[in-house]
Structure formats: C-alpha cells, structure tokens
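Here are a few friendly notes to read alongside the model.

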Amino acid sequence: MAEDDGFEQRLRQARARQGMDPKPGLNGPLPASSWGVGFRAGVEVVSALVVGIVLGMLLDRWLGTWPWLFLLFFVFGSVAGVMNVFRLFNPRGGARKQG
Amino acid sequence: MAAETGTIDALSQFQLTPVLGPIGAAVGFSQSNAHMLLAAGLITALIMFGMSARAVVPGRLQSLAESSYEFVQGLVVGQVGEEGKRFFPFVFTLFMFVLFGNMLGLLPYAFTYTSHIAVTFGLAAIVFVLITVVALALHGRKFFGYFFPEGAPLWLAPIIIPVEIVSYLSRPVSLSIRLFANMVAGHVMLKVFATFIVLLGGLGAIGPLVAILPLSVNIALVGFEVLVAFLQAYVFAILTSIYLHDAVHLH
C-alpha cells in the first residue's frame, strides 16, 4: 500500500503543476469563461453606479442640496463598483472555500 | 410582420398584450402572467407526477424531478452549509421558476417573462429582503458591523460605510440586470437573424442560397440560448445561495 499513497500524491502534484485541476477560490463555483467573467464584472460596476446615482439624487431631492450629494454618491458608486469586481475574485471570508 | 415592411423589428416581441379577452384586459392579465402560471403549473406537475410513482428505480419523469431536487440541494448545502437546508424550498422555487421561464421562452410563440426587468427585479427584491431579514434575525445589531470591516482605521469610516452600503444595495440590481440583459440580448439576436432569413430569402434567385447563412447562425444560436437559459437560472440560484451564506455567517 505504500506505493499507492505515494502515487496519489505525485499524481495530484503533477496535475496541479500542469494546471489540470481547476484553481479553487477564483470566481467561486461560477462558470469561468472569459466572456462570462467580463459580463459579470460589467454588470457589477454598472449596478453599483446606478445605485449610487439614484441614492444621491434621492437624497438631493430630499435635502435640497442638488448637485452635491449626487456628485458624492457618484464617487461612492464607482468605488463600490470597483470593490464589487474585486470581491468577485476575492470573496470575503474563507468559510465558503472550505464548505 | 417585420419582414413585410422590410425593417427589423426586434423589440415588439417583448410587448405585453392582454389575454383572455375582455376579462383579461380589465384586470391587466397579460401573456406574461399567463406564462408564469403555465410555468408554475408545469413545475408542480413535474414534481407531483414525477414523484407519484415513488419507484426505487426511477422512471424518466421521476429521475428528472429527483435530479433537479438533488442539484439544487447540493448547491444550497454546498454554499450555505448544513444550516442552509431551511432555505432549500425558497431557492428551489426560485431556480425552477427562472429556469422554466427561460426555457419556455425559447419555444415558438411563447413569451419570456424573465426578459422584463420588472419581473427579474421583483425576484431579486424578494431575495434582497429575505437576506436582510435573515441577517437581522440571526445577528441582530451585529448585522450593521457588516458595513464596517473590523480592523479598518476609524478615520476611513466616512468613506467605507457609504461604499459598503451602496455595494450592498447594488446586489439586487446586479442580480436582476444580469438575468434580464442575458434574456433580452439572446431573443433580440434570434429575432434579428430570423428577419435576415426572410429578407435575404426574398432577393430573387440567389436569395434562398444566401439565406442559409443566417439560418445556420440561428440554429447555433438556439443551442446557445438553451445553454444560457440554464446557466442564468443556475447563476441566479447560486448567487442567492452566496448571499444567504453571507447573511447566515456574516463576515
């Protein structure tokens, strides 16, 4: 049985070296075609921007501070969009990878 | 009808028209609602008739019902963990409803209700309310710590907190836009190439030969759309599970 154990381990190493095993973590369990990833990233940025703009405009209408909160939340929306894309590749918390 | 006027009219397929005569018109019962009812009926029929035999060795319908059940269960338990089992009925309903909506829309004369952002945003809003309520119920006030990660310098709070709130609120928007945009794009492409077939086919003697090109594109597109229909339902379900995971475990 000793050779068995050694073989399994060497096989795993060889597969990892050749990149035959899908890398864990990247993108989670979602399909990882380049078009799919690009589309997902685009949707994340656009939706965060939309939420930021709408939130800014609503607050402006409520408080009568047009256009200052709109401009501020436009920036917040952009930052949130970039952060969404960042999270797409680095999900926060490690529990999901083990689970 | 588009080909008769010689123009490409790809968007009229998304128009809502009342069905069921004057009664439907009076209550605003459109073909979209009719397809939703049809999908709900088909899903119920699949599960009811599929599981009525209760055979140890499943037949075709039973194995379809069982494999869809096991697929979603594996997805939910894999993403949320053991405590995610109580959310299984919710995710299963959502997945089957979106899947049947996408698939039914590919049949001729059928309407794709998932191609309306009102529908997809409605579904995403339900998910959003659920994850927020679950997180609040399980963690109480600690939920608001979600918007300010531990260990970040305090002077960054005025930037981090609004950004995190916007990022959290963008979840239902991105969830709904993804499904809606995929379905609309696919159906517009099918319609455009289908119109090309008719327009090119009318070009005299050489027309039918040239029309083979868009026809072959459309055949490939239909296959691609079946893939997209399944994939988008899967993505909707798995993102719901990921958000539920965040709500249950709260990092």
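**Notes on the two chains**

1. The peptide bond leading from A:Trp66 to A:Pro67 is cis, its omega being near 0°. Helices here are DSSP runs of H or I with at least four residues (strands are E runs of at least two), numbered from the N terminus.

2. Before going further, please note that this is a predicted model, in which local features need pLDDT of at least 70 and side-chain atom pairs count only at pLDDT 80 or more, while totals for chains, interfaces and linings use all residues. Residues are numbered from 1 along each chain as its sequence is written, chains are lettered from A and ligands numbered from 1 in the order in which they are written, and side-chain values use heavy atoms, with hydrogens and water left out.

3. How many residues does each chain bring to the contact? Chain B gives 27 residues and chain A gives 25 residues, where contact means heavy atoms within 4.5 Å. Together the chains bury about 2,300 Å², with 70% of it on carbon and sulfur atoms. Buried area is the accessible area (1.4 Å probe) that two parts lose on being put together, summed over both.

4. Two salt bridges are found across the interface of chain B and chain A, out of four in the structure over all chains. The term stands for a side-chain nitrogen of Lys or Arg within 4 Å of a carboxyl oxygen of Asp or Glu. One joins the side chains of B:Arg178 and A:Glu44 (3.2 Å, N to O). That pair runs from helix H6 of chain B to helix H2 (residues 34–63) of chain A. Another joins B:Glu164 to A:Arg87 (2.8 Å, N to O).

5. Which elements of chain B give two or more residues to the side that touches chain A? They are helix H3 (60–80), helix H6 (157–201) and helix H8 (212–249). H6(B) supplies the largest share, 15 residues.

6. Chain B also has a nonpolar surface patch of about 360 Å², made by B:Phe71, B:Met103, B:Val222, B:Val226 and B:Phe230. Patch members have over 30% relative accessible area and no salt bridge; like charges are joined within 9 Å, and nonpolar side chains (Val, Leu, Ile, Met, Phe, Trp, Tyr) within 5 Å. Accessible areas come from the Shrake-Rupley method with a 1.4 Å probe, and for residues only the protein chains shown count as cover. The largest share of the patch, three residues, comes from H8(B), while B:Phe71 lies in helix H3 of chain B.

7. Finally, look at B:Leu106, in the loop between helix H4 (88–104) and helix H5 (117–139) of chain B. Neighbours within four places in sequence aside, B:Leu106 is in contact with B:His187, B:Leu190, B:Glu225, B:Val226 and B:Ala229.
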